[in-house]
Each structure stands twice: as structure tokens, then as C-alpha cells.
Amino acid sequence: MSHHHHDEPHGHHLHGSELADAQTIRAQALEAVLIDKGIMTSTEVDNYIETWNERIGPLEGAKVVARAWADADFRARLADDATNAVGEVGVNPGRLEHLEVVMNEPGVHNVVCCSLCSCYPWTLLGLPPGWYKSPEYRSRIVREPRAVLAEMGLDVEDRTTIKVWDSSSEVRYLVIPERPAGTDDLSEDELVDLVTRDSMIGVARITPPGQS
Amino acid sequence: MEGIHDMGGFEGYGALDFSPNEKPHVDHRWQALAGAAMFALLRSGRTNIDAHRHRIERIDPTRYLPIGYWGRWLAAVEVAMVDQGIADGEEIEAELRRQGHEPPQSAAPPRLHPVVALETRDNAPGFLRTVDRTPRFVVGETVTTLPDPPHHGHHRLPRYCRGRQGVVARVYPTFTFPDAVAHDEGERPVHVYAVRFEATELWGQDADPAQHCHLDLFEPYLSPVPSDPRPDNPVPYNPVPDANIESS
């Protein structure tokens, strides 16, 4: 597992560590002022670190996907009004402004990005991965998605239409990947375990159980 | 504005640094501080996400890339503090001098933190608005985008889709208009549409015929087809006055 942030500097003006030191000093000063003005509290940052690194993640999204596979009626409600439908699997829709799902199917592959900043469904997927925020992904995925996906290890055959969804408003997108073969006997909880974060962005397929 | 942030379609950035299902991680305390401070500012009602994005867009492009995602947030926090009169530059500089490398000690009482950070959003006004207005466009309708940037302020019309024809794929509710909100020009809620563009329309005839790109576009960015938005049939769009942009 890489802890390197791929959108972080590669040493254009300052070496990475010097830049990090400068950012640390700057941030500490801003924090002191914000605490002094009563806008933040002293424990807030550490709480965010714990929340972001330990508590949030793609489980919420995986629950939505597994239910969509297991329950055709839910899938229809999801297509019609995803923002409210996700409440049925325990996701608090109050944190989502407006959610849309895009469903992969034979001949159609969906992939999500944000070329203008890095909009991402944090509520369902946790923190965005470094590559999602990188200039490489933001610039290239809208122009040459098939090549970018191939680089990421996902070969999408030429006759499959690739639909890119560039998140340029407050609408957030979740890809419902195709259900892998050989999973008919699995429970919904077991299906949840199969769903990967990358597949819900649309940069991976889901590996059938027993394969790797 | 025409900034480095508008990356869609730019060439030359090279291969992705990708590892499958990499777990995102905040590595440095200052990165979390950038996020925490921005969410605190949003929660306090001192700024909004559109203005935050515009502050990021306004970062010197020679610094935008090297400082990275959280570095951009940190810069936006500092600009917001000065913009919103929370602290002037001298105050921040004085704190830097006072503090050196020592982390700040505070007597402020500890506070229970929500389980999911984005609960801050629950206290913010959000973006959806109920407006009694019929969407101007319907699913399946061909539309064309403004050929030029709407104005020099914050907007959400990427360069790569301007002056192009697409088809309305989904009609969304009315959202606050970022172009107005970022500049303290009111909310002016408008409908948003997912508009589907063929890759050949965006990137030329050699592009992949089995490739579409959908963008979420605010109604003022769109006009019906066939029509020439300029000059005889101007797009009914009221850009944000430049004077207000300069002061934001």
C-alpha cells in the first residue's frame, strides 16, 4: 500500500520535505489564529485525521452496490432517485446533496472524474485516492479514457461504449459495476465484501470470487 | 476564469501513478488542518464552497501544481481568513514569528467531533433550492454550450466543452448558481443538466466513436440548437459584473 500522495509535489520549486516543513509552519500559524478567533478548537485537526484515516471509507458505497445487485426493485428506485434510495441501506442521504448512479452493463462502461477540481462522493467512498486528484487523471480521462483505463489495468474492448461523467456540479456519481459471474449464491453481506472502491469510480471491474 | 484548474483535455501530463484500491491517507497534520480549517470556515458561515473553489483557481499557476491538493486547500484557507476579515496578513505573519516551529497550545475546550467529517455539510445551507420553474430543456434535446468563458470569475463551464453541441441526458433539480454564489451575488438557483457529448464533437473526427463525455452544466451555459448564440441571437445570460469579481 502506498502512502505517497500522487498529486503532491515532485520538487518543482522546493524539495518535498522543505515544502512540507513550510506548509507545517504556515498551517500551525493559521490554526493558532483560527483557534484564537473561536472558529476552530484545538482538538479538531486530530479528530479529522482519525476520521479520515480510520473511519470513513468505501463501505457505504459497497452496500449500495450489493443491494442493487440483489434487489431489482431497489435497483429501479436507485436509478429513479438515488439520493433517497441509498437511505434504504443505511446511508444518511442528508449528507448527499444529489446522488446519481450510473450502471455498467454489457456494452457500456461508466467512469467518473472531476476535471475542474476533485469532486468525489466522500459520503459513499471516503477520501479520494491520490490519482483521482492528480493532473494526469483530471486531464486525460475525459479525452482518452480507454487508454487511461488500460494503463490502470482495465481493458475495455473497442465495441464497449465508455461513458465519462465529469462532476462539474454538486451532483455526485456512483458507478454500479457489473455483478461478477458465479455470485448467485452469495448473501448480500458477502456481495458487499466483493465490491471495490475502484470499481465504484469505474476504473476497475470486480473480480469473481476465487480469482485474483 | 481561464485557469490551470481547468485541466480537462490538457496534454502532456503523462502516466498515472496508480496502484489498485490504494487506501487514501492523510500523511501530514498540516493536510488535515487545511481540511479541518476549511470545514470550520464553511460551518461558521464565513465562506462557501464556490468561493473556496475560486480561491483555489486563483492560486498562482506556477504554484498550483507543486503545492498539491491539500496545499491548495491551505492556501485557500489563508486567503479566506484575510478576505473575510478574520485576520489580516500582518496578524498571520506575527503569529508565524511568535510561534516558530512550536505547535500552538490552546486553552479552548475539547469538543466532540462528528463521526463523519462531512456532517459539517448538515449545518451549511447546501446547494439544492426549490424553485417553481420549468426546466428550459428536456431529455433528448440538443443544446449548445457558450463558446467563450461566461465571465472572468468562478464558473463551471470547462474549456473543453465550450461551443460544442451535446444532448441532454438527465435533467436535475435547481441548484444555487456557483457563478453568483462565489461572488456574493445571491443564489440565483438554476437547473442543472447532464449533457452528453460525443468524443468526436469534443476532440475531433479521429476521436473514439464509442466514447461519450457527460458534464453537469448549469442552464445559463446552454442554448437551444439550431441557433447561433452570437451575434444576432445572444445567449440570455447575465454575467457577473467584473467589478464584483475583483473585490471577491
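Modeller: Before we start, the domain bounds come from an automatic or database domain assignment. This is a predicted model, where local features need pLDDT of at least 70 and side-chain atom pairs count only at pLDDT 80 or more, while totals for chains, interfaces and linings use all residues. Residues are numbered from 1 along each chain as its sequence is written, and chains are lettered from A and ligands numbered from 1 in the order in which they are written.

Biologist: Thanks! What domains does chain B have?

Modeller: Domain 1 of chain B is 29-123 and domain 2 is 142-246.

Biologist: How many residues does each domain of chain B bring to the contact?

Modeller: Six come from domain 1 of chain B and five from domain 2 of chain B. Two residues are in contact if their C-beta atoms, placed from the backbone, lie within 7 Å.

Biologist: And which classes are on the domain 1 side of chain B?

Modeller: Three charged, two polar and one nonpolar residue. Ala, Val, Leu, Ile, Met, Phe, Trp, Tyr, Cys and Pro count as nonpolar, Asp, Glu, Lys and Arg as charged, and the others, Gly among them, as polar.

Biologist: Switching to helices: at what angle do H2 and H3 of chain B cross?

Modeller: Roughly 110°, with the axes of H2 (residues 49-57) and H3 (residues 61-83) of chain B coming within 9 Å. Axes are lines fitted to C-alpha atoms, for helices over the stretch in contact, and angles run from 0 to 180 degrees between N-to-C directions. H2(B) and H3(B) are therefore roughly perpendicular, a label for angles of 65 to 115 degrees.

Biologist: Which residues meet there, between H2(B) and H3(B)?

Modeller: His52(B), Arg55(B) and Ile56(B) of H2(B) meet Arg72(B), Ala76(B), Val79(B) and Ala80(B) of H3(B). By class, that contact of H2(B) with H3(B) has four nonpolar, two charged and one polar residue.

Biologist: Now Val167(B): where does that residue lie?

Modeller: Val167(B) is in strand E2 (residues 165-175) of chain B. Helices (H or I, at least four residues) and strands (E, at least two) are DSSP runs, numbered from the N terminus.

Biologist: Is Val167(B) buried or exposed?

Modeller: Val167(B) counts as buried because 20 C-beta neighbours sit inside 10 Å. A residue is buried if 20 or more other C-beta atoms lie within 10 Å of its own, exposed if 12 or fewer, and partly exposed in between, with C-beta atoms placed from the backbone.

Biologist: What does Val167(B) touch?

Modeller: Leaving out residues up to four places away in sequence, Val167(B) touches Gly140(B), Thr142(B), Val195(B) and Arg196(B).

Biologist: Last one: how many helices and strands in chain A?

Modeller: Chain A has nine helices and four strands.

Conventions:
Angles under 35 degrees count as roughly parallel, over 145 as roughly antiparallel, 65 to 115 as roughly perpendicular and the rest as oblique.
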